[in-house]
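Dear colleague,

Please find below the structure that I am handing over to you. The notes that follow set out what was found in it.

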Amino acid sequence: MERAHIGSFWWPYICNLPQRFNVPFFFTGPEITNLQYPPVIYQVKRRCRALLDLEKELRNILTEVPSNQHPFGGQEVNASSLGWAMAAVSSRAFQMHNSKGSARLMLPLIDMCNHSFSPNARIIQQESKEGTSFSVIADRHLEEGADILLTYGALSNDILLLDYGFVVAENPHDFVEMRYDKAMLDAARMAARLNGDGFSQSAVSRQSILEQLNLEGAGASLQVNFGGPKLVDGRLLAALRVLYAQDSDYDSVQQRNLSELQMLDGAPLGDVIEKKSLKTLVAICALLLGHFPTSITEDENILKKIDLTEAGRLALEYRVAKKKLLVDCIQALSRRITSLEKDTMQ
Ligand SMILES: C[S@@+](CC[C@H](N)C(=O)[O-])C[C@H]1O[C@@H](n2cnc3c(N)ncnc32)[C@H](O)[C@@H]1O
């Protein structure tokens with residue numbers, strides 16, 4: 001609305017906002033496909049659909065509104081202008097908290113600061129009789145001309161891409177998600193050349209632990225992640241440890257609590273089960289990597305091209321970061337397997 005009202009109080013601020021935002025609902029179809037990661041493609045399409053629905057709804061409402069009461073000064077409202085407004089808010093509003101609750105606020109000037117996971121400044125909020133004020137203070141001495149960097153939060157590349165239109169190459173908060181599925185675990189077990197019965201035939205006693213992990217039963221939450229500070233979703237790790245446990249190990253399983261079973265450090269059910277679980281996790285990462293249509297090397301070669309669009313480059317950077325995350329997981333898990341093997345030999 002403010003953008004349509006030339007000369008309004010907020011007009012100077014609105015004029016200084018970027019004309020274009022590089023968020024994915026402005027991507028072309030092929031650029032969206034080039035993200036190569038179904039969970040984020042689903043989110044992009046959902047947001048595009050929501051914008052188109054909003055456009056339709058507003059158009060219907062506005063046909064009934066007399067021209068002198070038109071909220072946008074008679075200007076056409078379409079998905080593109082709505083998308084611009086949404087991107088302006090999603091990429092520039094800061095989540096602020098006080099005693100009354102929390103809200104996302106547009107903070108002119110402060111919103112010129114870029115994001116870093118190693119920021120050199122932070123926002124300070126002060127309450128007084130006059131109201132709430134916000135300022136930025138540096139956490140260390142900044143040379144003249146240095147960028148003032150804030151942290152936008154512990155955000156994954158999915159959120160950075162969808163809300164802000166950029167990604168961070170080695171984002172410590174990024175993850176790759178998969179759906180917990182015993183058929184997938186069986187495939188990974190075979191890929192890791194570990195023999196034994198399929199996981200689908202697991203005993204009732206294991207079933208109850210999988211239910212406690214909320215991976216089985218009504219209302220189970222099946223999304224499990226690789227990456228982030230924990231490297232592997234604790235629930236997936238615990239499930240594999242329990243599924244590999246033999247009936248004879250069962251006493252040992254019952255002596256462990258759920259949080260112990262979910263921790264990557266240690267081998268709560270012994271080295272044999274640990275190695276099998278870790279090898280299966282490596283195979284899952286390799287299978288997930290194989291789902292991407294192109295390799296990291298192919299992507300890096302495409303990235304060297306100079307005629308890529310900004311969105312095309314961003315889509316490539318996004319998918320390379322996901323693939324590298326899986327490679328990092330494979331390497332870290334393989335190091336753990338090697339160290340367990342060394343311990344066994346000693
Ligand atoms: C709150 S604004 C920051 C100021 C912005 N550079 C400007 O002057 O318009 C957020 C936008 O800045 C850009 N940005 C912030 N941090 C970034 C980073 N670390 N890498 C790339 N772009 C970044 C993104 O376009 C993001 O949507």
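In which crossing, left-handed or right-handed, does H3 pass H4? H3 passes H4 in a right-handed crossing; a crossing is left-handed if the near helix is turned anticlockwise from the far one by less than a right angle, and right-handed if clockwise.

Before the details, two points on the basis of these notes. This is a predicted model, in which local features need pLDDT of at least 70 and side-chain atom pairs count only at pLDDT 80 or more, while totals for chains, interfaces and linings use all residues. Residues are numbered from 1 along each chain as its sequence is written.

The chain as a whole

The secondary structure of the protein chain consists of 13 helices and nine strands; helices (H or I, at least four residues) and strands (E, at least two) are DSSP runs, numbered from the N terminus. Along the principal axes, its C-alpha atoms fill a box of roughly 80 × 50 × 45 Å. Of the 346 residues in the protein chain, 24% are buried, a residue being buried if 20 or more other C-beta atoms, placed from the backbone, lie within 10 Å of its own. The UniProt record, an unreviewed entry, lists residues 30–153 as "domain: SET"; its positions are given in the numbering used here, feature names are shortened, and annotations may be inferred rather than shown by experiment. That span is 35% helix and 26% strand, and its end C-alpha atoms lie 30 Å apart.

Helix H3 and its partners

H3 (residues 38–63) and H4 (residues 79–92) pack at an angle of about 120 degrees, with their axes 9 Å apart. Axes are lines fitted to C-alpha atoms, for helices over the stretch in contact, and angles run from 0 to 180 degrees between N-to-C directions. H3 is therefore oblique to H4; angles under 35 degrees count as roughly parallel, over 145 as roughly antiparallel, 65 to 115 as roughly perpendicular and the rest as oblique. In this pair, Leu-51, Leu-52, Leu-54 and Glu-55 of H3 meet Ala-79, Leu-82 and Gly-83 of H4, two residues being in contact if their C-beta atoms, placed from the backbone, lie within 7 Å.

With H5 (residues 157–164), the axis of H3 comes within 11 Å and crosses at roughly 25 degrees. H3 is therefore roughly parallel to H5. This crossing of H3 past H5 is right-handed. The residues that meet are Val-40, Gln-43, Val-44 and Arg-47 in H3 and Asp-158, Leu-161 and Leu-162 in H5.

H5 itself is mostly covered, with six of its eight residues buried. These are Asn-157, Asp-158, Leu-160, Leu-161, Leu-162 and Asp-163. Gly-165, which follows H5, has a positive phi, near 75 degrees.

Why is H8 (residues 234–244) largely enclosed by the rest of the structure? The reason is that 10 of its 11 residues are buried. Among the buried residues of H8 are Arg-235, Leu-236 and Tyr-244. Their cover includes helix H7 (204–212), strand E8 (223–227) and helix H11 (271–291).

The axes of H8 and H11 come within 9 Å and cross at roughly 130 degrees. H8 is therefore oblique to H11. H8 passes H11 in a right-handed crossing. Leu-237, Leu-240, Arg-241 and Tyr-244 of H8 make the contact with Ile-273, Lys-276, Ser-277, Thr-280 and Leu-281 of H11.

Yours sincerely

Technical notes. A residue is buried if 20 or more other C-beta atoms lie within 10 Å of its own, exposed if 12 or fewer, and partly exposed in between; C-beta atoms are placed from the backbone.
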